[in-house]
Amino acid sequence: MREQAAAIRGRELSPVDIAEHYLDRIDRLADRVGAYVTVTADLARDQAKTAERAVMAGEEAPLLGVPIPVKDLNMVKDVRTTLGSAAFADFTAFTDDNVVAFLRQAGTILLGKTNTPEFGLPCYTENDVAPPARTPWDLERSAGGSSGGAAAAVAAGLAPAAHGSDGGGSIRIPTSVCGLFGIKPTRGRISQGPIVPDLVGLSTSGPITRTVRDAALLLDVMAGNAPGDMYRAAPPEGTFLEAADRAPGRLRVGRTAVPPVSAAQVHPDCLAAYEAASELLAELGHEVEDIDTPWKEELMPHFEVLWASMATMTPVPPDREERLRPLTRYLRERGNAITAPQLLRAQAALQLAVRTGLPRLDQYDVILQPTLALPPVPVGYFDEVGPEENFVRQTLFTPFTSVYNVTGQPAVNVPLHWTDGGLPIGVMLAGRMGDEATLIALSAQLEEARPWAHRHPPIWD
């Protein structure tokens with residue numbers, strides 16, 4: 001992505017040619033990996049021509065002429081936005097989300113809207129408006145979710161980088177199973193406005209890329225606030241891209257592979273990735289020690305109250321309710337049965353846990369954990385059972401990620417490990433509130449020590 005931006009500025013590459021390259025690949029491969037819900041080919045070509053004229057006129061923007069698709073949970077004015085739901089299959093957005101406006105200001109080109117599960121609720125991307133999102137490393141397996149289409153697009157070479165969002169792991173999950181780098185930023189780093197409320201602060205937009213420096217630059221572009229935002233992160237010292245070029249120093253790393261869900265069993269491949277990352281961190285001079293997580297299983301019912309409540313936030317016309325998928329209906333039924341006191345008590349319990357737990361974690365610069373408890377699962381794995389068991393399976397697949405949506409801490413997936421069978425297995429690093437810079441600096445150091453960007457799935461060629 002950065003190389004494309006530099007080549008465009010230097011007039012070595014044309015935005016028009018770059019857009020045509022990706023549109024050709026999308027036309028040939030997108031349905032095989034379920035990357036896009038809507039492809040905006042005509043718009044991309046028009047924007048590419050405008051970007052080319054801007055380059056020739058000497059105009060500058062950080063990502064002028066670079067294609068960046070947007071997840072189909074976010075509105076792009078005058079572009080179809082389905083929210084991953086058949087109930088919104090014909091909905092056209094009436095405004096830009098703020099993060100989309102920031103991407104426009106940076107000069108990006110819209111290739112289309114990437115695939116997402118209905119309302120972004122599950123950790124896998126299978127819906128009734130597009131083919132299932134599949135990891136390009138094994139087309140029988142899921143690309144995860146809810147930013148599954150975005151990760152599939154980048155991993156398959158259908159975009160140089162992508163916008164994603166994360167409310168319970170939705171950037172880290174798909175980047176783990178697709179062999180990519182992804183950042184869930186600090187709560188309040190990126191505006192959720194102007195339409196989507198940020199009442200509980202679980203969800204945030206973030207970058208999905210092949211390299212750490214690409215993610216850092218894309219985060220610089222996406223970061224920002226607007227009037228009415230309930231949460232605002234303190235501005236970083238310098239840019240995130242500068243952090244990627246800065247040595248992290250000797251860090252104190254706390255590690256744990258004990259899931260906060262007792263029924264979850266961490267697969268040997270995920271443990272192998274975790275142990276290999278621990279060894280690499282120690283080799284690089286960092287102090288790595290085992291810790292006890294402050295997050296206990298008793299918190300899970302409170303998180304589930306918030307999640308079910310969030311499922312009710314999208315207004316669905318009564319005559320379209322039957323178009324919703326079984327899992328969505330199940331979660332909305334649970335959410336609609338929650339009383340105001342129950343919701344407030346759940347929020348209060350989670351906040352109390354954060355207030356008591358963060359001081360313990362803040363003794364460490366970084367926390368290392370497996371990103372997921374299992375390797376990539378087959379397409380259909382979650383939907384082959386009823387909604388209640390489906391939700392349990394998701395919890396056992398992703399027991400580590402949602403904690404950092406509750407706390408608001410930044411967290412990244414680092415693609416350091418592949419199985420003998422060629423499946424990517426990520427590890428997760430979490431940092432102190434507001435300290436994406438340390439995570440980026442450390443991730444860049446890990447990338448230099450164990451490069452991964454040269455790895456491509458078979459579909460790449």
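Modeller: V99 is buried, with a relative accessible area of 1%, where buried means under 20% relative accessible area, exposed over 50% and partly exposed in between, using a 1.4 Å probe and protein chains only. Please keep in mind that this is a predicted model, in which local features need pLDDT of at least 70 and side-chain atom pairs count only at pLDDT 80 or more, while totals for chains, interfaces and linings use all residues. Residues are numbered from 1 along each chain as its sequence is written, and side-chain values use heavy atoms, with hydrogens and water left out.

Biologist: Where is V99 found, and what is it in contact with, leaving aside neighbours within four places in sequence?

Modeller: V99 is found in helix α4 (residues 98–105); helices (H or I, at least four residues) and strands (E, at least two) are DSSP runs numbered from the N terminus. Leaving aside neighbours within four places in sequence, V99 is in contact, meaning heavy atoms within 4.5 Å, with N74, H163, I190, S191, S205 and M222. The C-alpha atoms of V99 and G193 are separated by 8.0 Å, although these residues are 94 residues apart along the chain.

Biologist: Changing topic, what order do the strands of the open sheet have?

Modeller: The open sheet has eight strands in the order β4-β6-β5-β10-β11-β9-β7-β8, with mixed pairing, and two strands pair if DSSP finds at least two bridges between them. At the edges stand β4 (162–166) and β8 (287–290), each with a single partner strand, so one side of each is left without a neighbour in the sheet. The twist averages 30 degrees from one strand to the next; such angles run from 0 to 180 degrees between N-to-C directions, and axes are lines fitted to C-alpha atoms, for helices over the stretch in contact.

Biologist: Take β5, then: which way do its residues point, and are they buried or exposed?

Modeller: In a regular strand the side chains alternate between the two faces of the sheet. In β5 (residues 181–184), F181 and I183 point one way and G182 and K184 the other way, and all are buried. Two bridges join β5 to β6 in an antiparallel arrangement, with G182 opposite I208 in β6. Three bridges join β5 to β10 (residues 411–418), again running antiparallel, and there the bridge partner of G182 is N413.

Biologist: And how many bridges join β7 to β9?

Modeller: Three bridges join β7 to β9, which run parallel, and R255 has L368 in β9 as its bridge partner. Strand β7 (residues 252–255) also pairs with β8 in the parallel sense over four bridges, where R252 is partnered by E287. As for β9 (residues 366–370), five of its five residues are buried, and this strand pairs with β11 (residues 424–431) in the antiparallel sense over five bridges, with V427 in β11 as the bridge partner of P370.

Biologist: Now helices. At what angle do α7 and α15 cross?

Modeller: Two packed helices are described by the angle between their axes and the distance between the axes. For α7 (residues 212–222) and α15 (residues 436–449), the axes come within 9 Å and cross at roughly 155 degrees. That makes α7 roughly antiparallel to α15, given that angles under 35 degrees count as roughly parallel, over 145 as roughly antiparallel, 65 to 115 as roughly perpendicular and the rest as oblique. V212, R213, A216 and L219 in α7 meet E436, I440, S443, A444 and E447 in α15.

Biologist: Which residues have the most contacts inside the largest nonpolar core?

Modeller: Those are Y36, L63, L158, L429 and I440, in a core of 134 residues; a nonpolar core is a set of buried Ala, Val, Leu, Ile, Met, Phe, Trp, Tyr and Cys residues joined through side-chain atoms within 4.5 Å. Leaving aside neighbours within four places in sequence, the contacts of L429 include V366, L368, V412, L439 and L446.

Biologist: Last one: what covers the buried residues of α13?

Modeller: The cover includes α6 (172–178), α10 (300–311) and α11 (326–336), and the buried residues of α13 (residues 387–397) are N390, F391, R393, Q394, T395 and F397.
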